[in-house]
Amino acid sequence: MRRTRLENDTVTRARVSMIFVCLASIPAAQAEPAAAPIRYDESTRVFELSAEQVTYAFGVNERGELQSLYWGGRLGADDVLPAAKSDAAPSSFDPSTGATPQEYPAWGSALYTEPALKISFPDGNRDLVLHYLSHTVNGAHLVVLLKDVSRDVRVQLRYDIDPDSGILARSARIENHTGKALFVQQSAAATWNLPAGDDYLLHSLSGRWAAEWHLDRRPVLASQTVLESRRGSTGHQNNPWFALARAGTSEESGPVWFGALAWSGSWRITVEPDVKRRIRVTGGYNPFDFSYRLAAGAALESPVFFAGYTQGGLGEASRLLHRFELTHVLPQAPHPRARPVLYNSWEATEFNLTEAGQMKLAEMAAQIGVERFVMDDGWFGARDSDRAGLGDWIVNRRKFPRGLQPLIERVHALGMDFGLWVEPEMVNPDSDLYRRHPDWVLNFPGRPRTEARNQLVLNLARQDVRDHLFRVLDELVTQNDIGFLKWDYNRNWAEPGWPGQKPEDQQKLYVSYVENLYWILQRLRERHPKLEIESCSGGGGRVDLGIMRFTDEVWPSDNTDPFDRLSIQDGFTYAHTPGVMMAWVTDSPNWVNQRSTSLEYRFLSAMQGSLGVGADLTRWREQDVQTAKRLIADYKGIRMTVQQGRLYRLISPRDGSPYSATQSISSDGRQAVLFAFLHSSSMLYPYPRIHLKSLDPQARYRLRVLAGKPEEGTPVEASGGYWMSDGIQLMLKGDFQAAAIVLDRATS
Ligand code: GLA
């Protein structure tokens, strides 16, 4: 049976509203009526959404527009915001309607900045002016209904505020009640309006394959800045995250407005000042090549755009997002379990898999303390290289004559759980699936098709493709005892045609494909509650808060060079928690740069995230096994702090710094973990002295060295005040040196 658009919406929304329910349930348990997170003042028509540190406010102005009023530090309970009043036109070139900051500006009237919504009607009219109609408040959840001034197009604006972090979740639902189909040409989740200023610095994350997560900083100039993906998925090039900081804001102080779009398809975020230098940030579906036919009575849901504010600098902005992801976004929120130490066979064996070879690796992995054994690409179909087999998710009997079961049983007997690599959305033309269903791939009939890594993209927007993939994966997990899937996605779209679909509905691909992906992930999790999933896309090509609702961890980069990883990991943590950041220890010299590093250095780099091992263990010497055993055991003792604690980026490896250091502190404040790295020392300079953060100045902390050496005379126990003020001098000298120190609270 074909699912209708609205049914699909319901599935996606169900997951989103789980976040909303989560948010709404918190204040109910704690709050008194006076501290209601959402207030509406009837007399001024002002809405105020408040959390511990944040107030967000907008109102209905005299024209009926929903006008943004305030977003920043928490206002006093008795402070009264004046009613919204539209801006006077600064000149005849900027009429008031466009100059006034609106919560969800439609393209109509005189709007010259980015619209949140643009619609084309069948009679040629393209003007849309949204005015307030009604609203409902339910705990921390607010819905404001807007309607066009003459046509029955309605927009439900949804707001939720997390009372702890002040992070808002915004989305929009476009409803067509006009009785005729119309085309949505542009549709955002939200427009965020920031206070006026000429000193904003925009922070964003850019990259490419094997070089993701570079933190870019640029001033907000008079022209618009666009962050986007046109690739059909999130992309390595830009991550749908932004942070806007005022001049003088540092890592640990100053105002920052930040946000992340929960969408794994083509997306766009624009940043631009208006005529009064107030900053407008608009994000949602990428309008490039976008056109969504909305039948009479149908609705289109936007993704969710999360955003927050802090006065605690970029570090606090990250920590708020980390906590929010852990407690509200991830599938195991609010209490995700610790990431198990994982072994992955890819770099060791690539496609050359055998049952005996995998068993040997599994035995060695178990010996060093690994908890999850993952067999990567090459186990299925005719997959001896990347030229064939994708799409045929049937065990290759030449490599595994007895199927997967004996290997899985062996892995279990060794005390580990078993994981498997899949790339469900792709097909090699040389595969049985493609030979059976050549019509299932994205393409424009009669046109050349671009292959990448010898593969084509399946059209997951089709219900038959969606159902087929779900069935195949469900069978795979049901028939084998699989605890984990590494879900890969190794190319971007090209020629995104949808053969068989009506021409006017073809571009729905941009929405339906991703919704069906989420649908499969959600259904798989429901059917297999113990199954964990990693989002991988040739590294970090699909990491965003949309997919993170269904995946327990992500693969930040195919670049496993431990030194490159330091800056990749540093950038990653601006937007995402180290609790989902997989990091493997692989062989030296590393394939990326041919850089040689010690095993201890490689371990310490990977221990900054969720530790994995991806080396060829059969080539390890006895002393390597012993080092690994020791460091994996150490990691297990600190992993909750590293994965779910509060992260301080003490020294960033960015911009060619030879040093880098991070500190994580456990949620209960009882443990702090410090990692420090040196690229190479020069000119006889010592390593910078490290001052820890956020310890209790009165409490005593005992120092434990996991690796490296503090200077002689460093106390084994001292107060939090001592470690923060006098700090620690590490004796790091040479090339690619690293240290790891633990401070355990000695007093209660
Ligand atoms: C992608 C992944 C790698 C590995 C290969 C297998 O590149 O990012 O980790 O799984 O595919 O083909």
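Helix α11 (residues 599–606) is largely enclosed by the rest of the structure, because seven of its eight residues are buried. The buried residues are L599, Y601, R602, F603, L604, S605 and A606. Buried here means under 20% relative accessible area, exposed means over 50%, and partly exposed covers the range in between (1.4 Å probe, protein chains only). Helices (H or I, at least four residues) and strands (E, at least two) are DSSP runs, numbered from the N terminus.

The model is predicted; local features need pLDDT of at least 70, side-chain atom pairs count only at pLDDT 80 or more, and totals for chains, interfaces and linings use all residues. Residues are numbered from 1 along each chain as its sequence is written, and side-chain values use heavy atoms, with hydrogens and water left out.

M607 is found in the loop between α11 and β30 (610–613). M607 is buried, with a relative accessible area of 0%. Beyond residues up to four places away in sequence, M607 touches L631, Y635, I638, V642 and F675. Contact requires heavy atoms within 4.5 Å. G500 lies 107 residues from M607 along the chain, and their C-alpha atoms are separated by 49 Å.

The chain is divided into domain 1 (342–362 + 372–598) and domain 2 (650–745). These bounds come from an automatic or database domain assignment. The C-alpha centres of the two domains lie 38 Å apart. Across the interface, eight residues of domain 1 are in contact with seven residues of domain 2. The area buried between domain 1 and domain 2 is about 660 Å², and carbon and sulfur atoms give 69% of it. F563, L566 and D570 supply 62% of the area that domain 1 buries against domain 2, more than any other three residues. Buried area is the accessible area (1.4 Å probe) that two parts lose on being put together, summed over both.

The count between the two domains is one salt bridge. The side chains of D570 and R654 meet in a salt bridge, at 3.5 Å from N to O. The criterion is a side-chain nitrogen of Lys or Arg within 4 Å of a carboxyl oxygen of Asp or Glu.

Helix α10 (residues 562–575) lies across β31, β32 (659–665), β33 (671–680) and β36. The helix runs at about 130° to β31. Axes are lines fitted to C-alpha atoms, for helices over the stretch in contact, and angles run from 0 to 180 degrees between N-to-C directions.

Six strands form an open sheet with antiparallel pairing, in the order β31-β32-β33-β36-β34-β35. Edge strands β31 (646–651) and β35 (717–719) each have a single partner strand, so one side of each is left without a neighbour in the sheet. The twist averages 25° from one strand to the next. Strands pair if DSSP finds at least two bridges between them. Within this sheet, β34 (residues 700–707) and β36 (residues 735–745) pair in the antiparallel sense over six bridges. R704 has V742 as its bridge partner in β36.

A further open sheet has four strands in the order β1-β2-β3-β4, again with antiparallel pairing. At its edges stand β1 (38–41) and β4 (66–73), each with a single partner strand, so one side of each lacks a neighbour in the sheet. The twist averages 15° from one strand to the next. Strands β2 (residues 46–50) and β3 (residues 54–60) pair in the antiparallel sense over five bridges. V46 has G59 as its bridge partner in β3.
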